[in-house]
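These are my notebook entries on a structure that I am consulting for the first time.

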Amino acid sequence: MIKNYLKTAYRSLLKNKGFTILNVLGLSVGLATCLLIVFYVVDELSYDRFNTKADRIYRISTDAKLNGNAGIYATSEVTWNNILKTSFPQVEKVARLIDKNGLFLSPQKFYIKKNNAGIIERNVVFTESSIFDVFTLPMIDGKPAHALDEPNTAVITESTAKKYFNKVDVTGLTLTINDTNTYKITGVIKDIPEQSHFHYDFFLSFSSRPESKATGWGYAGLHNYLLLKPGTNVAQLEKALTDIDIKNSYNPSTWTTGDNHLRMFLKPLADIHLRDTDAQYPLEKGGDIQHVYIFSLVAIFILLIACVNFMNLATARSSNRAKEVGVRKVLGSARKYLVAQFLTESVLVTLLSAVIAVVLAFMLLPLFNQMADKQLVVTPQVIAWLIPSLLIIVLVVGFLAGSYPALYLSSFQPIAVLKGKISAGFKGGFLRSFLVVFQFSISIFLIIGTLVIYNQLNYIQNKNLGFDRNQVLVIKNTNVLGKRAKILKNELKQLPGVANATMSSYQPTGDESLKTGLFPHSKIDIKEDILTEFWSVDEDFINTMGLHLISGRNFSKDMSSDTAGMIVNEAFARKYGQLDPLNKNVFRDSYGLQQYHIVGVVKDFNFASLKDNIGPLAMVYDTDNGAISVKLHSANLTALMTQIEARWKDLSPGQAFTYSFMDQDFDATYRTEQRFGSMFISFSTLAIIIACLGLFGLAAYAAEQRTKEIGIRKVLGANISTIVGMLSMDFIKLVFISILIATPVAWWVMQKWLQDFAYRTSIHWYVLAAAGLTAIVIAFITISFQSIKAALSNPINSLRSE
């Protein structure tokens with residue numbers, strides 16, 4: 001019986017090649033797209049799962065609002081270690097991490113010499129031996145128990161050991177960092193998996209960190225990770241930590257005044273990568289659970305569109321198989337056997353589509369990796385879940401897509417069929433019309449989403465940020481030059497093609513920053529704290545960056561008092577409480593009270609992500625050789641870059657010349673959004689193409705079933721345009737209904753997405769109109785091919801049998 005089903009199904013599919021090709025093409029492309037999205041989603045959800053104790057690992061995080069400054073921070077106090085160990089038995093282990101961006105005074109840079117050449121290392125963290133108890137970081141050389149107990153000890157990764165020593169067994173050897181600090185290697189661990197929320201190559205002993213005197217309350221630049229004992233009440237622990245933190249804060253009563261608040265909460269390790277987007281100072285920038293939800297929804301939509309195609313095409317061609325059903329029933333075939341026959345055809349088409357989809361997915365995986373910035377590979381573990389999942393998908397999709405056609409076709413009454421009373425044309429097929437509306441509603445939703453995302457990304461690229469990022473070269477790691485950095489800057493300013501150059505601790509497009517609390521009075525009152533970006537700049541910074549002074553003056557090297565001078569932005573002036581704060585004093589409590597006087601105010605500019613409002617910024621006059629920014633105006637950029645590199649090598653032989661361009665750094669800031677946009681647009685395009693395949697097939701069958709009607713109309717004098725309009729109108733009406741359904745839903749969803757950006761475009765009416773018009777044009781083009789073909793046919797061929 002089964003063999004007969006398979007043989008009959010094969011013959012039927014072979015007989016209707018056009019139907020089979022359309023279905024296989026639609027399903028295979030849909031399934032291949034779904035597979036790629038599933039690979040992406042599984043990868044995103046697998047972050048940090050390699051840790052064997054992942055379900056018991058939490059990070060202490062801070063939620064604070066003070067004097068209007070609100071924020072969620074991935075960091076917490078340095079003092080938690082001793083308190084947790086002595087007062088909280090439910091805490092099994094504590095691991096403290098502090099990386100280059102968490103050090104209290106300014107971000108640190110680390111360079112190591114190899115063969116007389118300096119190599120800048122960015123993936124460096126100060127931590128303790130307990131990190132190997134909390135996280136699963138297998139050690140392949142050395143013993144983890146006390147590896148980082150002593151000062152100036154280090155654990156490195158396997159690839160780092162090979163990089164510097166060309167071998168793995170390097171325990172006992174030393175590395176010199178920044179020319180002055182020698183670290184003894186006490187262990188080598190396996191490289192950290194890609195699916196981790198941090199990736200470090202050097203784990204340095206916590207006691208060796210700079211600013212190690214910062215040990216009391218008020219130094220909240222650490223990442224504290226807890227390994228809790230099984231059964232711990234997390235909510236109770238969070239409340240206890242909050243009470244202790246408030247009690248030990250500078251002024252505990254502040255947190256109950258107005259809308260100020262301070263709350264400590266425990267972020268589960270498994271949530272850090274995807275559900276930590278609001279946290280400031282993460283160890284690494286993570287993903288976004290919204291992207292996972294959106295792409296999962298797109299995958300479901302694409303699969304549904306492919307299934308709808310199958311159902312539509314199968315029911316549309318029902319008139320072609322009506323007599324087959326009638327004859328089978330007359331010959332004694334039961335309905336259940338007919339259902340089984342049609343389901344077999346459906347499963348065969350789905351199985352063939354799944355095989356093609358797997359091949360397509362594997363072929364497209366490298367391109368998808370490039371688009372998504374992933375390193376997805378097909379491993380035995382992937383195959384282990386892929387094959388069973390595909391078999392389930394084949395059965396589910398096969399039965400889902402084939403169930404209605406099977407039940408519908410098998411319900412025909414043989415007498416009515418054989419008398420020719422069954423008409424399954426396009427008209428009268430309510431479910432088929434509903435499914436077309438469903439398909440195009442999804443397609444229009446995706447078109448609107450694509451247009452909004454494109455407009456927002458275009459808005460980001462072209463927005464006036466308040467500074468000039470074009471043709472600005474950023475020479476990095478100039479701290480290795482020491483005092484020679486200023487010499488380099490002055491030499492570069494003399495080069496033809498260099499408009500200006502500046503030294504600063506940070507840049508508007510940089511990935512590092514420092515926030516500090518500033519106060520309007522010398523008597524420190526935490527209620528008056530202005531949380532501010534704090535940059536060290538020189539006298540050329542404002543001109544090089546193209547900033548606009550709206551009052552006061554720039555720094556001057558000829559005014560000795562400017563060492564205590566400060567230039568602030570408008571946002572700081574508003575927080576300060578005065579529109580014109582010139583010559584007012586500002587105080588900073590950092591290792592003693594520091595006093596500054598405001599000499600100038602610059603117009604607000606976007607120095608952070610466009611997702612955030614412009615916050616307070618204070619620039620102080622200080623020589624900081626973190627980076628040199630060079631404003632260029634040369635037509636021959638290659639020759640100028642050669643000259644700049646030559647100046648670098650003269651002053652720092654053996655040190656790598658590392659640079660970037662500010663506009664590229666700006667683009668990198670929004671790389672996640674750009675990747676999301678590219679992926680969304682690509683998947684949306686595929687979904688629309690799949691929907692068009694189904695519409696193409698429906699139009700073909702609609703034209704086929706109205707062949708005689710078309711012939712009669714042509715004999716009576718109807719022209720081609722009239723016939724094309726007649727055949728197209730039924731479909732265009734459904735597209736109009738789809739527009740009415742999809743437009744408000746898409747508008748609401750995309751408005752929610754845009755809320756993540758403080759600076760965003762608007763969804764104008766013409767965007768919605770353009771999406772609707774695009775859908776109509778796509779549908780008309782898809783239908784018109786078959787409509788024109790039918791209109792051009794010779795009426796004699798369709799009427800000769802009448």
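**Entry 1: helices H14 and H17**

I began with the crossing of two helices and found that H14 passes H17 in a right-handed crossing. I note at the outset that the model is a predicted one.

I then looked up the geometry of this pair. Helix H14 covers residues 484-493 and helix H17 covers residues 637-651; their axes lie 10 Å apart, and the packing angle is about 155°. Angles over 145 degrees count as roughly antiparallel, and H14 and H17 are therefore roughly antiparallel to each other.

Next I asked which residues of H14 meet H17. From H14 I recorded Arg 484, Ile 487, Leu 488, Glu 491 and Leu 492. In H17 they meet Ile 644, Arg 647, Trp 648 and Leu 651. Sorted by class, this contact of H14 with H17 holds six nonpolar and three charged residues, and no polar ones.

**Entry 2: helices H20 and H21**

I turned to a second pair, helix H20 (residues 707-715) and helix H21 (residues 720-754). Their axes are 10 Å apart and the angle between them is about 150°. This angle makes H20 roughly antiparallel to H21. I noted a right-handed crossing for H20 and H21.

The contact residues that I listed for H20 are Glu 709, Ile 710, Arg 713 and Lys 714. On the side of H21 they are Ile 723, Met 726 and Leu 727.

**Entry 3: strand E8**

Is E8 largely enclosed by the rest of the structure or open? Five of its five residues are buried, so E8 is largely enclosed by the rest of the structure. I also checked the directions in which its residues point. Thr 153, Val 155 and Thr 157 point one way from E8, whereas Ala 154 and Ile 156 point the other way; all are buried.

I then asked with which strands E8 pairs, and in what sense. With strand E10 (residues 181-189), E8 pairs in the parallel sense over five bridges. Within this pairing, I found Ile 185 of E10 as the bridge partner of Ala 154. With strand E11 (residues 202-205), E8 runs antiparallel, and three bridges join the two. Here the bridge partner of Val 155 is Phe 203 in E11.

How values were computed:
Residues are numbered from 1 along each chain as its sequence is written. This is a predicted model: local features need pLDDT of at least 70, side-chain atom pairs count only at pLDDT 80 or more; totals for chains, interfaces and linings use all residues. Side-chain values use heavy atoms; hydrogens and water are left out. Axes are lines fitted to C-alpha atoms, for helices over the stretch in contact, and angles run from 0 to 180 degrees between N-to-C directions. Helices (H or I, at least four residues) and strands (E, at least two) are DSSP runs, numbered from the N terminus. Angles under 35 degrees count as roughly parallel, over 145 as roughly antiparallel, 65 to 115 as roughly perpendicular and the rest as oblique. A crossing is left-handed if the near helix is turned anticlockwise from the far one by less than a right angle, and right-handed if clockwise. Contact means heavy atoms within 4.5 Å. Ala, Val, Leu, Ile, Met, Phe, Trp, Tyr, Cys and Pro count as nonpolar, Asp, Glu, Lys and Arg as charged, and the others, Gly among them, as polar. Buried means under 20% relative accessible area, exposed over 50%, partly exposed in between (1.4 Å probe, protein chains only). Two strands pair if DSSP finds at least two bridges between them.
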